[in-house]
Each structure stands twice: as C-alpha cells, then as structure tokens.
Amino acid sequence: MHVGPVTIDYDVLVAGLRGDTGFTSQEFVEAMSFSLKYLRKLMGADETYQPFIIPGGGTSAMESVASLLRRGDKVLVVSNGVFGDRWKAIFNRYSVAVDVLKCDPGDYVKPDDVEKAVKDEKYTLVAMTHVETSTGVREPVEAVAKRIRDKVELIAVDGVSSVGAEAVKAKDNQIDVYLTASQKAIGVPPGAGLLVLSERAVSRLSDESVAGYYLNLKNWVDVMRNLEDGKASYFATLPVQLIFMLAKAFELMDKEGLENRIKRHERVAQGVRAGLESMGLEIVAKRPETYSNTVTGVMVKKANPSEVLKAVLSEGLELAPGVHPALAGKYFRIGHMGWVTPNDVMTTIAVLERVLKRMGEPVNLGEGVRAVQLTYS
Ligand code: PMP
C-alpha cells in the first residue's frame, strides 16, 4: 500500500521475463504499437493526440514538457504541494519565466484563482498536478481547464497519481499534455514516462525549443509514430522488458474496463477513509471534494510516523512516509492504486489499528475494521 512503486501483478511481472529481445524485434514493436494506442484511450485522448512512451518516469515526462517552450515564454505553475513545486524546479532550469500559485498543505488552488492569474498575465503554459501525491489532494482539473482554456496556449497536467485510477479526459477538457509514470496506478515497475500531446502541443516541437537532447520530444516523435505503425525505430534505447510488462498491464486494464478500474479505486479509497475516520484519525486532505482515489495522508497526534512505518512493515504492510515539508513528522501516507482490492483495505486498517494503539495513538480499536466491513457489506 505504497504510493509507488506499487505491488506488481504476477502476470505483468512474468511478461517482462525475456532474454535476447532487442528494440528492433517484432515482439517489441508490437508491444509498443499496442501500448501507444492504448495510452490514448487511457488518457481520454483521440487520434488527434500523439502518444509517447519515454525512458525514466514522472519526472522525465514532466521535464520533456520543456520541448514545448521557447526562450522568454511565461509559465504558470498551479502547486498543491511537493510535486506541484517540482514543475517550478524543472522550468527554473530553462530560460523561461515561472510564476507559481500555491495553497496551504492539504488544501488546493481554486479554479477562481487560476482564472484570475491568467487574466492578469499572458501565459504560454499552465502546468498543474491532478493528484498531489504529497497530500493526496485532487485538483479539479476539469473546472480549471474550463476557466482558462481560451486564455492560455497550453495546459499540462501531471497525472502520475491519477492516470488509471481517476477519470482522465484529455480531449474533453482540451488538455494539451497529460502525463504519467509506469510505477503508479498503471501497476508496472518504474522505468517509463508516458504522455500524450495534443496537435497544438505537437506543433510547438521545434528547433527553437529550450529543451535539451534526450528529453526533447522532437527527437522522439517520429520514433513513436513509426513504432505505432509497426516499424522498428530508434532515437535512444527504450526499456524493452518494461514495455512487455506495460503491454500486459494495458491488456489486463482493457479486460477490467477503464470505468470499472476507476470504480474499484474509488471503492478502495472509500474503505480506507471510512476505516481511518472511524478509528478517529484525521486525513491530510482538508476538503472532501478533493479526496483522491489513490493517496490518503494520515495525521498522527502521539505516534512518530517513521516508527509507525517501521512497525507496520514488520507486520507485512508497507506504507509511505509524509513528504510535505510543512507537515514533516506529523503524517504518513497510504497508497491505494494499481491492483488494490477491498481485501487490501481490510488488512491495512487492521494492521494500522493495532500498531497505532500500541504506540499510544488515541484510536478506537475495532472501529476501523468495522467501518471497512460496513463499506463493503
Ligand atoms: N508527479 C507526481 C504527482 C508524483 O507522485 C511523482 C512521483 N511520486 C512524480 C511526479 C515524479 O515521478 P518519478 O519519481 O517517476 O520521476
């Protein structure tokens, strides 16, 4: 129950067990072609969008967005926490101007405030984070996009903790870049960044961009088009074995159905929150409308969060530390994405109850487990 990398499905893991398979092999080209096509579906994109699968992960996908920027462009970052701030850290490395809209930890930047900011200033790009992994807060991407769409050139969304677990509608919301990483709700080991670009975004790929070499999407676009068309192609080596796992994960997702997958995540998240609240614990996300399907931050009063993590690990449960600097030492996180089920929720809440009780946290023993049972009965 980590925020990523997450537990890997056995069939996904086994799909990567191949030796002597190069990037020109027919099997690899087929796995890429299938995965690129499925990526469009996963992102709620259509044929007008260009999918990319590149080495790295969330950060390489984020940094590749610099491919769309030119010297002097202005960027607005909407930040709800650590990963929102990462957009700023990335763009600060390039010769573009960066403004940031921020909020208190556990809160979110309101669509009204984003709308106001883009009225006052001309931005080429607005970058935001769908689910802020440091707090578990979900930004209302659809509402923000509606307010700003006709006032900015490009909108980019970091969907690292949302894609595969939350409704993602690149086309309907006219988002130009939607990105994610392999090791989160897609449920594949780390190693790939995945993104789709709108036609408008693709038209910005040029030699004038501020991007460097490896993560410059201009260098990758023809490779992606060729691979999707079934032709071997090379710019730099892709993580071959990982792509076989990705293709298997996409096959399983297709079998489950994307809507069912999102509903499963929603049910799992509901159970987690019901269990925590009934135990008497406070959730980091302040507003219910921003609760995410994938990450829940849990505040503790008496227990030391790093000791909690060690103790639950010794009972076979892995959770994630709190990483928001403003809440340091006050919380830990539960990740509930990928192949998670209500049974995982039951185990998580049961282990947490007894560990926290032992550590002197004022929890209602048994109440969390009961709430989970009631959620799923
Ligand atoms: N954005 C978000 C929302 C994330 O949660 C993460 C990783 N946890 C990243 C970006 C960075 O991804 P990576 O670690 O794969 O580079």
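This is a predicted model: local features need pLDDT of at least 70, side-chain atom pairs count only at pLDDT 80 or more; totals for chains, interfaces and linings use all residues.
Strands β2 (residues 74-79) and β3 run parallel to each other, paired over six bridges. Within the pair, Leu 76 faces Asp 99 of β3. Strands of a sheet pair through backbone hydrogen bonds, either parallel or antiparallel.

Now widen the view. β2 and β3 belong to an open sheet of seven strands. Read across, the order is β1-β9-β8-β7-β4-β2-β3. The pairing in this sheet is mixed. Its edges are β1, residues 50-56, and β3, residues 97-102. Each of these edge strands pairs on one side only. From one strand to the next, the twist averages 20 degrees.

A helix covers part of this sheet. Helix α2, residues 26-42, lies across β1 and β9. Strand β9 spans residues 191-197. The helix runs at about 115 degrees to β1.

Next comes the ligand. How many residues surround the ligand? The count is 15. The closest are Gly 58, Thr 59, Thr 133, Asp 158 and Gln 183. Three of these residues can be followed down to single atom pairs. Gly 58 uses its backbone: an N or O atom there lies 2.8 Å from a ligand oxygen. Thr 133 uses its side chain, where an N or O atom is 2.4 Å from an oxygen atom of the ligand. Gln 183 also brings a side-chain N or O atom, at 2.7 Å from an oxygen atom of the ligand. Taken alone, the ligand exposes 390 Å². The protein buries 83% of that area.

Where does the shell around the ligand come from? Helices α3 (58-64) and α4 (82-91) each supply at least two of its residues. The largest share, three residues, comes from α3. By class, the shell holds seven polar, five nonpolar and three charged residues.

Move on to another sheet. The partner of β10 can be seen in detail. β10 and β11, residues 295-299, pair in the antiparallel sense over two bridges. Here Glu 282 stands opposite Met 299 in β11.

The peptide bond from Gly 4 to Pro 5 is cis, with omega near 0 degrees. Pro 5 sits in the segment before α1, the helix of residues 10-15. Further on is Asp 20, in the loop between α1 and α2. Asp 20 has a positive phi of about 50 degrees, although it is not a glycine.

Notes. Residues are numbered from 1 along each chain as its sequence is written. Side-chain values use heavy atoms; hydrogens and water are left out. Two strands pair if DSSP finds at least two bridges between them. Helices (H or I, at least four residues) and strands (E, at least two) are DSSP runs, numbered from the N terminus. Axes are lines fitted to C-alpha atoms, for helices over the stretch in contact, and angles run from 0 to 180 degrees between N-to-C directions. Contact means heavy atoms within 4.5 Å. A residue is near a molecule or strand if one of its heavy atoms lies within 4 Å of it. A polar contact is a pair of N or O atoms within 3.5 Å; within protein, one must be able to donate a hydrogen and the other to accept it, and residues adjacent in sequence count only if both atoms are side-chain atoms. Accessible areas come from the Shrake-Rupley method with a 1.4 Å probe; for residues, only the protein chains shown count as cover. Ala, Val, Leu, Ile, Met, Phe, Trp, Tyr, Cys and Pro count as nonpolar, Asp, Glu, Lys and Arg as charged, and the others, Gly among them, as polar.
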